[in-house]
Amino acid sequence: MQPRTTLAPILAAAALAVAGCATSPGACELADTNRSEAAFAGARTALAGGCETHFFTYLDQLLEVAEEDPGPVQKERFSEFLVWSADQGVISRKQAQTLYNRYFNVKFVSLAGDYNNCSSTCRRPAAVLADMEAELRDKEQGLLKISRDADSYYRANRLLQESELVLEATCRACDVRSASR
Amino acid sequence: MSLEQRLSSELGRGMTPWQLQETLLGKTATGKATEPKLRGRSGLRLSQRFRQYYSLVANSGGPSSPAMAVIASDIYLDMAEASVLIAQTREEIARATLMEELNQSFGTITPEMQSVVDGVKTILFGEGVALPAVADAPAAGESGEFVSELAW
């Protein structure tokens, strides 16, 4: 996943700079629990105590715990956790948005950009669609398994199918038009 | 303006990827009310396809609604594939027409004419008569009673 690869070196450097907090082995491990609220509280405590580099490990663990305790309220819990993490400087605001939307929104963060489709998406349509497929699996976890929001998941699934079709047609039209100029 | 131009200008150059998603989802659409059929899964009758095409043409606003964008793409891709098949069919018709014209120019080839052609080919290219798959029957003279060379 893109945010993890870009954030990891920064967080590693930051962790070295503030070395001293939670350096003993196992100090950053979260207590084993099946209760989602307790897991979130534990993650907050650990992150505030110098374990920022473990953010993505905690996120994975929180997602797993939330699967055992599913319900619509989980969307709100993850949103609050991500906003809190951004406020604490563990991740950026943009990363928080990207993570939330990747798991809990119908729209795909993989299909985004500031330029038009002809000059951006159509230059690498296969890669974009592969990223969207991967994101759909995360949405399955976030929307279907954790939030129990089947309607939203099926809309995301349909959006992927429609995007595939529309992008194929649009990119072909873009190619023909640019070739005829 | 052609469908291709509209797809290129409105969806291709006129929207970012995020806006495209918003168009497909629709700001107020529930997802079920505007559910279009997808290529390959629809099994649409030709009349249904043309009904969609009529809706697309009748909609002067272009492919701005979620269903219209998908239908426009579906029709465009279908048309591109259909164009290839139409071109192939035209080529076949042209080939069959040419063969018929040749037949009419040279008339029907009779077995006698074919036999003459085969003979000429044998002379020119040395083509032999194909060997029969099963052995011929022995000649009549050779099938008589044995006669020893010692006999008087």
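Guide: A residue is buried if 20 or more other C-beta atoms lie within 10 Å of its own, exposed if 12 or fewer, and partly exposed in between, with C-beta atoms placed from the backbone. This is a predicted model: local features need pLDDT of at least 70, side-chain atom pairs count only at pLDDT 80 or more, and totals for chains, interfaces and linings use all residues. Residues are numbered from 1 along each chain as its sequence is written, while chains are lettered from A and ligands numbered from 1 in the order in which they are written.

Visitor: Why does A:A46 count as buried?

Guide: A:A46 has 21 C-beta neighbours inside 10 Å. The cut-off is 20 or more, so A:A46 is buried.

Visitor: Where does A:A46 lie, and which residues does it touch?

Guide: A:A46 is in helix 2 of chain A, residues 36-48. Helices (H or I, at least four residues) and strands (E, at least two) are DSSP runs, numbered from the N terminus. Leaving out residues up to four places away in sequence, A:A46 touches A:C28, A:L30, A:C51, A:H54 and A:Y58. Contact here means C-beta atoms, placed from the backbone, within 7 Å. A:E29 is 17 residues from A:A46 along the chain, with 8.1 Å between their C-alpha atoms.

Visitor: What makes A:R148 partly exposed?

Guide: Its count is 15 other C-beta atoms within 10 Å. That falls between 12 and 20, so A:R148 is partly exposed. A:R148 is in the loop between helix 6 and helix 7 (150-179) of chain A. A:R148 has a positive phi of about 60°, although it is not a glycine.

Visitor: How many helices and strands are there in chain A, and how many in chain B?

Guide: Chain A has seven helices and zero strands. Chain B has five helices and zero strands. Of the 181 residues in chain A, 35% are buried. For the 152 residues of chain B, the buried share is 17%. Contacts in chain A between residues at least 6 apart are 63% between residues at least 24 apart.

Visitor: Why are helix 2 and helix 4 of chain A called roughly parallel?

Guide: Helix 2 and helix 4 (residues 73-87) of chain A pack at about 5°, with axes 11 Å apart. Axes are lines fitted to C-alpha atoms, for helices over the stretch in contact, and angles run from 0 to 180 degrees between N-to-C directions. Angles under 35 degrees count as roughly parallel, over 145 as roughly antiparallel, 65 to 115 as roughly perpendicular and the rest as oblique. The pair is therefore roughly parallel. A:S36, A:F40, A:R44 and A:L47 of helix 2 meet A:Q74, A:R77, A:F81, A:W84 and A:S85 of helix 4. By class, that contact has four nonpolar, three polar and two charged residues. Ala, Val, Leu, Ile, Met, Phe, Trp, Tyr, Cys and Pro count as nonpolar, Asp, Glu, Lys and Arg as charged, and the others, Gly among them, as polar.

Visitor: What makes helix 5 and helix 6 of chain A roughly perpendicular?

Guide: The axes of helix 5 (residues 93-104) and helix 6 (residues 125-146) of chain A come within 6 Å and cross at roughly 80°. The range is 65 to 115, so the two helices are roughly perpendicular. Helix 5 contributes A:R102, A:Y103 and A:F104, and helix 6 contributes A:E135, A:D138, A:K139, A:Q141, A:G142 and A:L143. Three nonpolar, two polar and four charged residues make up the contact.

Visitor: How do you know that the buried residues of helix 3 of chain A line one face?

Guide: The buried residues of helix 3 (55-68) of chain A are A:F55, A:Y58, A:L62, A:V65 and A:A66. Seen down the axis, they fall within an arc of 100°, so they line one face. The arc is that of the directions from the helix axis to the C-beta atoms. An α-helix has 3.6 residues a turn, so residues three or four places apart point the same way. The buried residues of helix 3 of chain A pack against helix 2, helix 4 and helix 6 of chain A.

Visitor: What puts the buried residues on the same side of helix 5 of chain A?

Guide: A:A96, A:L99, A:R102, A:Y103 and A:F104 are buried in helix 5 of chain A. They cover an arc of only 160° around the axis, which puts them on the same side. The face turned away carries the exposed residues A:R93 and A:K94.

How values were computed: Contact = placed C-beta atoms within 7 Å.
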